[in-house]
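Good morning, and thank you for coming.

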Amino acid sequence: MRSRDGSFTILLRFYTLILFNTLTLSASEYLISYRYIVKDAILYNESLQISQAMQKCQGSMQKTLLLDSNGTKNLQKIVSLNHEKFISFINSIGLDISHKESSVNFQNHSTTILTLPTTCFKVDFNDNFAKISSLK
Amino acid sequence: MRYSLILIVLLTSSLFSDTEQTMENMENANVTVVCPTTEAPSVLEENKDIRISVVGQGVAPMHTASPAQAYALAKRAAVADAYRLIAEKVKGVRVEGDDLIKNMMVKRSTVRTTVKAMVKNASVVETQFKDGLCEVEMEVSLSYSDFTH
C-alpha cells in the first residue's frame with residue numbers, strides 16, 4: 001500500500017508535467033516553413049508547414065501582418081482564410097531561390113524552388129484579428 | 001697577333017664598363033610597377049536607390065478544377081519566374097556548357113544554368129492573365145544601406 005507522502009510526490013510530478021506542457025503549448029510562437037516548386041513554368045508542388053513552437057524563440061520582431069481571425073485561435077484556419085495575403089507577406093520576408101535550367105539539343109527544361117526556411121513567428125490572437133510577426 | 005690581342009682586351013674592357021653603368025642606372029632609377037586594378041566601379045551610391053523591374057511568366061496546368069485555380073497556379077509560377085529573373089539580374093547566373101562532337105558532327109549540345117540567391121522585399125506591381133499565360137511584373141529596390149552590414 002502506497003503512503004500518503006508517496007502519492008503526493010506522484011501528484012506533484014503529474015501537475016508540474018501538466019503545467020509545463022500547458023505553458024509550452026499555449027506559447028503563441030509558431031514555426032512556419034514554405035516551399036514551392038515550379039517545373040517548366042508550371043506550379044509543381046507547394047507546401048506550407050505550420051506548427052507550434054515547443055521552445056521559446058530567440059530574436060526580435062521584424063515585420064508584422066494583421067489577418068482577420070473571425071474569433072478563431074487556430075492559426076492554420078486563419079492562414080487558409082487569408083492565404084494570398086499571407087503568401088505575399090512571406091514573400092516580403094524573403095525567399096531562398098534555387099533555379100536550375102538545362103537545355104539539351106535546344107530543348108529547355110527548368111526547375112525553380114522557392115523556400116522560406118523554418119522561421120519563428122510570434123502570433124497574438126485578438127477577438128477579430130491575429131497579429132503575426134516574424135522573429136529574427 | 002699583338003694587335004689582335006690588344007683589340008680583344010680593349011673590346012672586353014669596354015663591354016664590362018657598359019654593364020657596370022647599366023647596373024648603376026638600374027639601382028639609381030625609381031621603378032614604379034603598375035598593376036591593372038580589378039576593382040569594378042560601385043553601382044550603388046549612398047543616396048541613390050536602384051529599382052529593378054522584371055516580368056515573370058507562368059503557365060496554367062492543362063487540367064484544373066476551375067479558371068480561378070488555373071489563374072492562381074499560373075500566377076504562382078509567374079512569381080517564381082520573376083523572382084528568378086531578379087536573382088539573375090542582381091547576383092548573376094552560373095552557366096555551364098558541353099558539346100559532344102563525333103565524326104565531325106554535333107551529337108549532343110547541353111547548356112546548364114543555375115541561380116542561387118535570397119530575395120527580400122520584392123513586390124508585385126502588375127498581373128496580366130491571357131490565354132493561360134500569366135505575366136507578373138515585379139519590382140525590388142536596392143539601396144546602399146542594404147549591403148553595408
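**Strands, interface and core**

I begin with a turn: D131(B) takes a positive phi near 55° in the hairpin of β4(B) and β5(B), where two residues lie between the strands. Helices (H or I, at least four residues) and strands (E, at least two) are DSSP runs, numbered from the N terminus. Two strands are said to pair if DSSP finds at least two bridges between them.

This is a predicted model, in which local features need pLDDT of at least 70, side-chain atom pairs count only at pLDDT 80 or more, and totals for chains, interfaces and linings use all residues. Residues are numbered from 1 along each chain as its sequence is written, while chains are lettered from A and ligands numbered from 1 in the order in which they are written.

Strand β4 (residues 123–130) of chain B runs antiparallel to β5(B), and seven bridges join them. Within this pairing, Q128(B) has E135(B) in β5(B) as its bridge partner. Strand β5 (residues 133–142) of chain B also pairs with strand β1 (residues 50–59) of chain B, in the antiparallel sense and over ten bridges. There, M138(B) in β5(B) stands opposite V54(B).

As a whole, chain B has two helices and five strands, and their pattern along the sequence is α-β-α-β-β-β-β.

How many residues of each chain take part in the contact between chain A and chain B? The numbers are 22 residues of chain A and 27 residues of chain B; two residues are in contact if their C-beta atoms, placed from the backbone, lie within 7 Å. On the side of chain A that touches chain B, β4(A) provides the largest share, ten residues. β4(A) also pairs with strand β3 (residues 105–119) of chain B, in the antiparallel sense over ten bridges. In that pairing, D96(A) has M118(B) as its bridge partner in β3(B).

Finally, the core. A nonpolar core is a set of buried Ala, Val, Leu, Ile, Met, Phe, Trp, Tyr and Cys residues joined through C-beta atoms within 7 Å; buried means that 20 or more other C-beta atoms lie within 10 Å of a residue's own. The largest such core has 42 residues, and those that touch the most other members are A77(B), A82(B), Y83(B), I86(B) and V119(B). Helix α2 (residues 67–90) of chain B gives the most to this core, ten residues. The contacts of A77(B), not counting residues up to four places away in sequence, include V38(A) and I42(A) as well as G58(B).

Note on methods: Buried ≥ 20, exposed ≤ 12 C-beta atoms within 10 Å, placed from the backbone.
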